[in-house]
Amino acid sequence: MTKSATEANVAKLTSRTLAISRYTLIEAWRNRIAWLFLGVVVVSILVSLFLREQALTEANRVQAAALASMMRMGSVFVVILYVLHASVREFQDKILELMLSLELPRASYLTGKLLGYITISAACATIASLPLLMLASPQDVLMWAYTHMLELWIVAAFALFCITTFSQFLPAATLTLAFYALARSISAIQLISQSTLTPESVATEFGKLLADAIALVLPRLDAFAQTAWLTNSTATDLSAVSATAQAAIYVLLLLSAAMFDLHRRNI
Amino acid sequence: MARERVLKNVPVRIRWLVPLMLAIQIGFRTVEAPPVGAAVQLAAAPSVNNLRMAALGEPVGLAVALTLYLQAFDVQPGVSLAFRDLDYGRLISWLDAIDGLDPASSYPLLLASHVYSRVPDEEKQRAALQFVFDRFHDDPVHRWRWLAHASIVARHRLNDMPLALTYARAIATEANDPSVPSWARQMHIFLLEDLGEVEAAKILLGGLLASGAVTDPHEVHFLLERFKKLEGGEISTVLPKH
């Protein structure tokens, strides 16, 4: 194949991937995900205002902490459910079969879908961070929003991988939520397993090894979008660099695993 | 039609990409700094009411999680057991909050009487013992053993006989139940006999094990280890001057 033919092929694949991505965004808009997410934001603000009124001191700090935590959980929840819901509908309506019958490589389809979902995730992280600007410094909010976006990318990629593998909502949702909970708590689990107060035994040693082994294949999501960055300004540039590297590696890992599964499916 | 196609249908690049990315992920996590705790940054505990709200109807589950969090806070690798650097006001507020969430558990009392009372600071030791004494009144029949240990600590490490007798007499007067062994209600006698700390701990531990009050194998192990260290002199009976 000549160089110009290869370039033309790459351009064609890129344009198809971007088209899938664009239609993913249009579908999200028509599904009113923006309104749903704004509802989550409004409820979070109202609850944080209520907690602010309960605080005897450091009211700003209390509200920032409550709001950031709720926004973080809310956006993760919305992104997971949306990715799974949209993918399941495509599988059930045979849209995937239709797409693949149009000379569209499976890898381009998945990449396009993921690009769409990470754009939605970026929008969610941006919207979630806007109310925090009233409660913390812009630099701290920027760092929080950036790493929260990376966290949502990982979660969206994991949800896409699960739904590609299982094709069914319930197992995919269960596994994705369990993954998120474990990735958020794996550092604490490692620390607890290394406690010197617990008796030495084969079971505790096995527990330590198991926790360390699981930690190797999970991203440390507890190091992303920390509320302490907003309340205590403790974020460093290293936090962003490390989170970017981790997100890039993990999203690529999940995308390649999802591609592997999709190529093996008999469609 | 088979649900899955054979492996050769997966492009070679993708077949290699998955293990390659997995290896990069493991490599990244291996070189990444391990999680560490900061033993001096214990935040103030929220109120029990706020914690109950945050527990979403699972106060016992949250209490267990907070207990393990508090316990791990001081024993993380890379962080020395610098109890004297901890704000004991905040520490006690956490123990109070955990006790409020799960009053049936004695875990906070174990931490206060056996772990946090080891601090080489008399004021902080007294704060830990006072927590045990305060919470003992909530359920004397089930919590007497923590106060019994607090009594020994008061006698031998604080050298405060009146405080030790106050605790011992509280057990005698408030823990009125057949399940409480008679020797526990007569603790003030062996306190007045002026036994050494090891002897007193031996009586307490032997009595606890014989009476069947301690059944959890982890707790038995923990208490035996503490006792061995005490006997071996690893835990000083005299308050260090820090």
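Mentor: Start in chain B, at B:Pro46, which is in the loop between α1 (12-31) and α2 (48-54). Helices here are DSSP runs of H or I with at least four residues, strands are E runs of at least two, and both are numbered from the N terminus. This is a predicted model, where local features need pLDDT of at least 70, side-chain atom pairs count only at pLDDT 80 or more, and totals for chains, interfaces and linings use all residues. Residues are numbered from 1 along each chain as its sequence is written, chains are lettered from A and ligands numbered from 1 in the order in which they are written, and side-chain values use heavy atoms, with hydrogens and water left out.

Trainee: Why does B:Pro46 count as partly exposed?

Mentor: Buried means under 20% relative accessible area, exposed means over 50%, and partly exposed is in between (1.4 Å probe, protein chains only). B:Pro46 has 33% relative accessibility, so it counts as partly exposed.

Trainee: Which residues is B:Pro46 in contact with, leaving aside neighbours within four places in sequence?

Mentor: Contact means heavy atoms within 4.5 Å. By that test the partners of B:Pro46 are B:Leu51, B:Trp94 and B:Ala97. B:Trp94 is 48 residues away along the chain, yet the C-alpha atoms of B:Pro46 and B:Trp94 are separated by 7.9 Å.

Trainee: Over to chain A. What makes the phi of A:Arg32 worth a remark?

Mentor: Most residues other than glycine have a negative phi. A:Arg32 is not a glycine, and its phi is positive, about 60°. A:Lys94 is not a glycine either, and it has a positive phi of about 65°. A:Arg32 is in the loop between α1 and α2 (33-54) of chain A, while A:Lys94 is in the loop between α3 and α4 (95-100) of chain A.

Trainee: How do you know whether A:Arg32 is buried or exposed?

Mentor: Use the cut-offs from before. A:Arg32 has 57% relative accessibility, so it counts as exposed. A:Lys94 has 51%, so it counts as exposed too.

Trainee: Why is α1(A) called roughly perpendicular to α3(A)?

Mentor: Two packed helices are described by the angle between their axes and the distance between the axes. Helix α1 (residues 3-30) and helix α3 (residues 59-92) of chain A pack at about 110°, with axes 12 Å apart. Under 35 degrees would be roughly parallel, over 145 roughly antiparallel, 65 to 115 roughly perpendicular and the rest oblique. That is why α1(A) counts as roughly perpendicular to α3(A). On the α1(A) side, A:Thr24, A:Glu27 and A:Ala28 make the contact, and on the α3(A) side A:Tyr82, A:Ala86, A:Arg89 and A:Glu90.

Trainee: What makes something a nonpolar core?

Mentor: It's a set of buried Ala, Val, Leu, Ile, Met, Phe, Trp, Tyr and Cys residues joined through side-chain atoms within 4.5 Å. The largest has 79 residues, and A:Tyr117, A:Trp144 and A:Ile154 have the most contacts inside it. Helix α6 (residues 138-166) of chain A gives the most to this core, with 16 residues. Apart from it lies another core, of 57 residues, including B:Phe136 and B:Val180.

Trainee: And how many helices and strands are there in chain A?

Mentor: Chain A has 10 helices and zero strands. Chain B has 12 helices and zero strands. Of the 267 residues of chain A, 46% count as buried, and buried residues make up 46% of the 242 in chain B.

Definitions and conventions
Axes are lines fitted to C-alpha atoms, for helices over the stretch in contact, and angles run from 0 to 180 degrees between N-to-C directions.
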